[in-house]
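Here is a short briefing to read alongside the structure.

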Amino acid sequence: LDAPAGGTTPATTAFLPGTAAVQLCRPSPRGTYLVTWERPSPSLPENLRVWSAETGAMVKGFSCKKATLRTLQWTHDESLVFHMVTNEIHIYDARTFERRGRVRCQSVTSFSLPERKGLPSNVIPPKEARYTLTTFAAGVKGKPARIDMLRYPDRMGRESSTTVDKVNVPSGPSLACKTLFNAEEVNVKWSPRADACLALASTAVDATGESYYGSSHLFLFLESDRKNPTAGSVIQVPLPAESTKTEKGIVPIVECQWIPNPMITGVVPFGVISGRMPALASLHHGQTGEPTFLLGRAHRNTMDVSPHGRFVVCGGYGNLAGGMDFWDRNKGKKIPRHVVLPPGGGGEATSYVTIKDASDLTVTSSNPVVGHQWGPDGRTYVVSTTSPRMNVDNGVALYRYDGSKVDESRLPWDNDKYRPDRLLAAEFVPAPFPEDDGAYYYYDDRPQSPAPRSRYTELKGKDADDALARLQAADAAAAKAGGKASSAPAKAYVPPGARKAGGGGSYVP
C-alpha cells in the first residue's frame, strides 16, 4: 500500500502490473514464480502469464483459451518448465525460457510433473538431473486412451527430442504405458520420491449403470521395474478382498493418497479408499501394490496424511456426514484421546479420562466440510466450510492430531465474521524450506504426546465410564440448546461389554 502525499487514505498499487481480471493464480513449486490466467481478448492474446514472485515483473506469456493453469508446470527444483500445446509439450529453461526440447504426444489432453522430490539419506542422487512425468491422451475415433510415464531427457518417446547445444537429440521410448477404453480423465498422484505415481483413470458416466459417479480404475506406475531396472512398469492396483463390490463385481475407487514422507525406511506406501459405502480404507505396498493393512470400513471418501506420514485422517466430507477417524500409522491404531474433566463445583480440574474405544474415537464435524488440510507441523488439522460450495455456516475448525477440537475461544480468528457466506478458503501457510541443505522438513517428526499423568489423576473402570456418560449427556444437552460441546464425543453411552473391541485395524496376511 502506498499512502498518497498529504492524504490519510492509502492507495492500492497493483503488484502484477497490467492485470485487470485475474481468475486463476498459483505459485511454482518453490515459490519463485506466479502463474496467472485471465480471460483471453484481442488486447490480451497472451493471457497465461508467468511473473516473478519477488518483483512482480512479467517473465513470459502464453496463449491459453481454457480456464486452467495445468498446461504450464515446473519441475520440482524449478529448473525446467513444461508447456502443453496441441499434440506436444514444449520444454523450456525456467530462467531464460529458451527451448530445451519437446514431447510429441498425439491428442494429449493433460500431463503431470511431481512438485516435490526427496531421497533417503542412504541413496546417492544421479549425476545427471532426470525428471519423470506422465501424459494422458484421450481416446479418439475408436482408439483407446493412453497413459505414458516418461523421463527427461532420455525416455520421452521415440518422436520426442531434447536440445543439447542447439542440436536436437532423439529420445528413447516411454518408461511404461497403459492403454484403456474406459477413461475420460486421469488424476495423477506422485510418490514423494518422484519415482512412482498412482493414476486414477475415470469416466463421468458408468456404462454398466452400476454407479452414479461413473467408473474408475487405479494403476501404479514405476520408474524402475524390479526385474528390469532399465525399464519401468505399470500394474493395476489389487484391492482388498473385503472391499464391497457392485452387483457386477466392480469395486469403485473413492480415493488414493501417498504417504508424503520420502525419508521413511524402505518402500513408500500409499493408501486407498475403495468399495461401495461404507467404503474400506487400506494401506498398500509402494512397489507391488498389494494391500498390507486395513483401516476399517466406514462412510469415508477422503484420506489425508500428515506431512511426516505418521498420522492419517479418514474423513467423510462433501455430501457425507463429516465423520473423521484419526489413526497413528506407525502403531496401526486409532489415536486415544485424553479428556480433562471439568471441575465439579468450581476450582481447578484434577482428573482426566482416556477415550480409546473405536466407536468413541470417531469425530463428527458440526458443519459440512469443504476444505481440509494437515498443518505443516503434523500436529494440527483444519476443516472449513466455505463459499460458494456452502453459503451458510461458513467457518474454520481446528483439531489436534488425536481428534480433539480446539475451543473457538482460543482461535486467532472469529468465525462469526465469516457467516453466513463470506469465507472463500482456509489453508495453512506452508513451512519455510529448511536452512540445513540435508534436511527435508522444517518441523521435526513427533510421536503422540504422553498422557497428562503429572498434572491430573486418571479415572479408570466404573469411575471413568460414569464420567464419560456425564460428559456425553452434557454434550447432547448443549447441542440441543445450540451451545458449545466438550471434547468428548456426543453419543449415547454404551457399556464396556457392549462396545466393539479395540481401536485398531488389521494387517493383511
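This is a predicted model: local features need pLDDT of at least 70, side-chain atom pairs count only at pLDDT 80 or more; totals for chains, interfaces and linings use all residues.

**Strand β11 and its partners**

- Let's begin with β11, which spans residues 145-152. Seven of the eight residues in this strand are buried, so that β11 is mostly covered.
- On one side of the pairing list is strand β10, residues 131-137, which runs antiparallel to β11 and is joined to it by seven bridges.
- To find this pairing in your viewer, pick threonine 135 and look for aspartate 148 in β11, its bridge partner.
- β11 also pairs with strand β14, residues 176-180; these two run antiparallel as well, with five bridges between them.

**Asparagine 415 in its loop**

- Now move on to asparagine 415, which sits in the loop between β32 (395-400) and β33 (457-458).
- Is asparagine 415 buried or exposed? Its relative accessible area is 3%, and because the cut-off for buried is under 20%, asparagine 415 counts as buried.
- The asparagine 415 side chain reaches the backbone nitrogen of valine 396 at 2.9 Å.
- A polar contact at 3.3 Å links the side chains of asparagine 415 and tryptophan 413.
- Which residues does asparagine 415 contact once its neighbours within four places in sequence are left aside? They are Asn394, Gly395, Val396 and Glu408.

Technical notes
Residues are numbered from 1 along each chain as its sequence is written. Side-chain values use heavy atoms; hydrogens and water are left out. Buried means under 20% relative accessible area, exposed over 50%, partly exposed in between (1.4 Å probe, protein chains only). Helices (H or I, at least four residues) and strands (E, at least two) are DSSP runs, numbered from the N terminus. Two strands pair if DSSP finds at least two bridges between them. A polar contact is a pair of N or O atoms within 3.5 Å; within protein, one must be able to donate a hydrogen and the other to accept it, and residues adjacent in sequence count only if both atoms are side-chain atoms. Contact means heavy atoms within 4.5 Å.
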